[in-house]
Every structure is written in C-alpha cells, then in structure tokens.
Number of protein chains: 2
Amino acid sequence: MDEFSCRRRALFSGAPFSAAIFHNWDAANGHAASFAYFSGCGVDGAYLVLRKGGGVVFANEMNLRQAREGCAYPVKMLAHRREGAVKQLRKACGGGKVAFAPHEMSAARFLALRRKAGLRLFDASERIGNVRARKSESEVRKISAAARIAKKILSGLRPWDFATEAQLSAHLKARALAEGCEVSFEPIVATGKNSAKPHSEPSATRLGDFVLVDFGVKKWGYCSDFTRCYFRRRGMREEKAYLKCKSIYNELMDCLPECREGKDVARLAEKLMKRHDMPPLIHAIGHGIGMEVHEYPHLGAKSRDPLSGAALAIEPAAYYAGKFGVRYEGMAVRSKKGWKEI
Amino acid sequence: MDEFSCRRRALFSGAPFSAAIFHNWDAANGHAASFAYFSGCGVDGAYLVLRKGGGVVFANEMNLRQAREGCAYPVKMLAHRREGAVKQLRKACGGGKVAFAPHEMSAARFLALRRKAGLRLFDASERIGNVRARKSESEVRKISAAARIAKKILSGLRPWDFATEAQLSAHLKARALAEGCEVSFEPIVATGKNSAKPHSEPSATRLGDFVLVDFGVKKWGYCSDFTRCYFRRRGMREEKAYLKCKSIYNELMDCLPECREGKDVARLAEKLMKRHDMPPLIHAIGHGIGMEVHEYPHLGAKSRDPLSGAALAIEPAAYYAGKFGVRYEGMAVRSKKGWKEI
C-alpha cells in the first residue's frame, strides 16, 4: 500500500466519522500541513475530501494543472460559483460526521462549510495529530536530512564573523538556502540580556561574548530545530548554565526509553532540572516535530500523547529575567529499534 | 494622534460593535497581519483587544518582554489556566458585539472564544480590510521601498546564469536576503509550458528561451509583487503576447483615475483585454497589497471596495493551456495627489 493510503487508513481506523475535509490556506502566508500530509499536494485554496475508500481534491481552475502534480488523489475543478462549490463538497463528504482540524482551518472557512455546505464538522485534532506523530521510515529519512543540514551549519558557525544579531540571522538563512532548504522558522539569535527572552527577535544589537542561536531548516517538507550557545571566552556564568542544560539533555535522552506518553518526558525533565538546581522551565521541555516545527506529541505535564514512532525536539533551558537565558536543543526519533538521536 | 490611534479610530468610526479581538497565530507558519497592523506587536499566541478608547495585549509569560517591544498598548500576562484567560478576555471585551477577522483566526480559536469565553463575535472582515486598504504616508513609504528593491533585483536579473527554475528561484531569495528583506511569497519561476500555470512551482526544469518570474520582497513588514518575462532571443510568440500585456498594463495605469471601486478596474481590464484580442483573464486583474501580498481592495467584477488610498498590484496575463503563459505585473499607490506608479 502506498504511503498516502496508509495515512488515510490510519485516520479512519475505528474513527467516529465517515469523511474528513482539509483546506489549504487561501491566506498568502500559511499552508495547512495536514492537507499536504494526506494529499501530497500543495496548491492554495484547494480542498481535500477523504473517505475510507479514497479521496478527491478540488482546486480552482487556475491551479488545476499544478494541483495534479504529485497529488495522491484525482483532482477536480472547484466550481466557480459558491453554490456549485458547496454542492460538490457536500456530495463528496456524504451525510455523516466530517472530521476537520480546527487549528488548520480559518474561522471563515469553518463557518462557510458548516452554514453554507451544512457539513456536520467534527473536531479530529487529536486523532489527526497522533496519526501525523507516528513517522514512517521515509519521513524519518527526511527529518534526519533536515537535522543533519542544520547541525552542519551550526557546528561550522563562527558567530563573531558578524557584527549584530540580525546579520548573523540573515547569514543563517542564506546558509539554509545554499543547502537547498528553507529555514523551518525565523532563526532566533540573541546575545546578552536578549537571551532571557525565549522568543527574542534578532535585532541590531551587537554580538557580545555570549550568543544563543535557535535554528532549523525545512528539507523535503520536514523540519529540524536545534539550539546552541556560543561563547567568546571560557568560564562565563552563561557557559556554566549552558553545560548544565546539555547534561540534562543527555540524561533525558538516556531515559527516553522509560517514557510512554508526553507527560512522562515532562515529569522526567522536571526531576532532572531540580536535581541540577535549575529554575523551573517556563516552556515545555520539547515538542513533536515533522512537517511543522511544533506538532504532536505534546510534552506537557498532562499530555497523554503516545510517543511511539515520534520525532522529538528536546530543549532544556534556564532563563534569568533581565540577565540572560541559555538553552540546549537536539532531536531524536523513535523507531522499532528504539530512540535514536539525530 | 499616533498611527495606531488613527487605525483604531478608523476601525470604530460608526461601527456596529463595541470591541474587537485579534489573535496572532499559534501555528508556526503564519502571523495575523491585522494583529500586527493594529498593535505594532508580533509575538506568537497573543491576543489584542481594542475598545474605542484604547487597547490591551495579552501575551504568554514566556513572550511578555518580547511583546512589550514596539507594542502600541499595555501588555498583560495571559493567565496560564484556560479559565483565567477566558475571564481576562471576556472582561476586556465587555458584553457587546466583538469584531473579529474570520480569515485571520483559526476555527479552533473562534470556537474557544465563542463557546468558552462566550463572546458575541461579529464578522468585521470587510471593515478591517477597508481600514487596512487606506494606506498612510508612512505605509506608502514602506511599500515603495519594497517595490524599489524588488524592481532593482528583477532589472539586474540574468536568468541564464542559472540552469534550472529552482536555482533561479533560490537566487532570488538570496538576493532578497542580501538586501535585508524577506521574499513576500515563494518566487514563481516558470519556463516554457510551466508558464501556462499561473501558480507554477519552481522545479528542476532547465531554463528554456523564455522565463516568467513573479517575485516580491517584504521590507519593514510591507510587500511588493512584480512579474517580468525574460527572452533569450527576439521575436518569440511569447514575447509578442508579453508586450501586449505590458501595453494593457500601461493603458490601465493611465485610466486608473477613472476608477472608483474594485469592479471599475475589473471592467476596464476586461475591455482592454478584448480590444487587444487577448483571451479572458482566469484570475483577477490585480489585488490590493500591503502587509499581505493579497489584501483589500479586491478587484473582482463585483467588488464595491473603494480605491481611495489603496496600494495595488496590477497583472494583465494570458495563458494558453499546455503551451505557455505570460504576465506583466507592476504596482501603484493612490495618494491625495492621485495615482502613482511605484
């Protein structure tokens, strides 16, 4: 069975719905990862309707030819008039419950599908997230490639060849491009006090003796995510805190086989942070990663998301408000043979 | 009055709602332009609540410091627990109708605000779109800068220094970075038959004698959008069709002062296309442009969107299925002195 049929089968296995609908953002600035995951297609403004036995993509006339390239399902033309389009979608979905991903659909689209097309929409976020969380071998290869490229760029990085945070950030983006990738998110480059903000935006601040870089690339549609800290001289207090994060990271990696669900990783991290005398985390210890930088499984204290087949980014960190922050981040995937750092 | 107060005042002037709420995408791949437009702030997962007399931003603890930089309103910490956050938002919004932008909010967020926070949400897309469409002088300066940079890159472009569509596209992105910009959308580079698809994706196809490039940059948060066709030799049929598009573009620019609403531009374009013996357009003749590549005013056949103060991209085109497509695209802004090409 091909990969897209496997994905569809996983989505419908024992599901309380008879169809699923996905829409690829009409907005200029975002694509719905699940749309691409289940269809292999990436054109704007298209719908994917899945049933147990197959699926269909509806695309605008203008994008019809583009949509057919690489698409796992037949592509039909979406009717020009709204009434016609509504009928097409209603017919394709049938009369039962229709799964959708509320985080990946705009409120405008949701309201149109419910009110105009009369669909009985069913929030299937968790099921969709968990299907996507279980990576196939080909997905692991793509994620590993993205990880390899990001690590190569970070390990060869000489931050002080650049004057400011913004210049270093632009360099990282150029390096990603030169490797035939996109960045998977806007690189975070934070020096001095700026590093105390976990999501600091690169500014015209001149690089001091300590720089935090959080960076990843997207290769073949899959993301990587790493954080490294750089020191111009030895023995800084920032370096000591950073090395503790690295130790915690390594201990956590060793203990991953003991974890079954997201919350197990969160608890383990809490224990390790305490043991190393670090302040409590102000963000999760990490996150699932794949076609999106942040996806299932969640690693929050209450998360019951299963870890089998997952790809994770793990990022122990410590922030000292108004002073500095440090973070070490790496990635691991879980295959049948167990966890493997990538 | 500062720019953000002007924007807020325009939003509430004669409005049928007493508050407005915006959320900046929690998704990794998109930011809500209206959130940034009304707040001056850009952190993930934050809410902006506006009332006639002022506003407030609620950000996660982790992003609090970052949110305060450049924000036009006080920033408060969003409660960790959902119940607390719901109370904060309900209180800030008051009991009346609350405007929102359904295209810029996920269905998940919409459902939470309506069901959990009990907000009486009101679709204010059109009003928000029309407020954003009317550009201030400082916005025109930013858009003009984005236009200038993109035109410079396109006019210096030597397509045949590169072997494939994908390589030329990567070069355009690198050039944007080198100019301290982002691309405003993934560049379209299409050679030969690929150009017949308006949204062709750059591939490993080797560049032939004819290349279409649709490209823009984002500078200081504002977008540009241009299309140029390049020919390795003179007298190709593609060049003839391209020159017709360019003529239509120029005639359209001359006639813009006669247009009051979006539909006037659409009708004018239709007339000109016919007069030049070109096939009917399969997409709109153009679009408003600003913080997003596509925004108000719409230029569809039924659009009543006013053009005063607008920034437009105009793109006459002709597509011959399976053969080739050509497009010429430029930009214009309308100030008190009238239309000006940029």
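Modeller: Happy to! Start with the chain contact: 35 residues of chain B are in contact with 35 residues of chain A, where contact means that C-beta atoms, placed from the backbone, lie within 7 Å. This is a predicted model, where local features need pLDDT of at least 70, side-chain atom pairs count only at pLDDT 80 or more, and totals for chains, interfaces and linings use all residues. Residues are numbered from 1 along each chain as its sequence is written, while chains are lettered from A and ligands numbered from 1 in the order in which they are written.

Colleague: Which elements give two or more residues to the side of chain B that touches chain A?

Modeller: Helices are DSSP runs of H or I with at least four residues, numbered from the N terminus. Here they are helix 3 (64-68), helix 5 (107-116) and helix 8 (165-178) of chain B.

Colleague: And how do I read the domains?

Modeller: Domain bounds come from an automatic or database domain assignment. For chain A, that assignment gives domain 1 (3-132) and domain 2 (135-341). Their C-alpha centres lie 33 Å apart, and 7 residues of domain 1 of chain A are in contact with 10 residues of domain 2 of chain A. On the domain 1 side, helix 2 (33-39) and helix 6 (125-133) of chain A each give two or more residues.

Colleague: What about Ala20(B): which residues does it touch?

Modeller: Not counting residues up to four places away in sequence, Ala20(B) touches Leu11(B), Leu50(B), Val98(B), Ala99(B), Phe100(B) and Ala124(B).

Note on methods: Contact = placed C-beta atoms within 7 Å.
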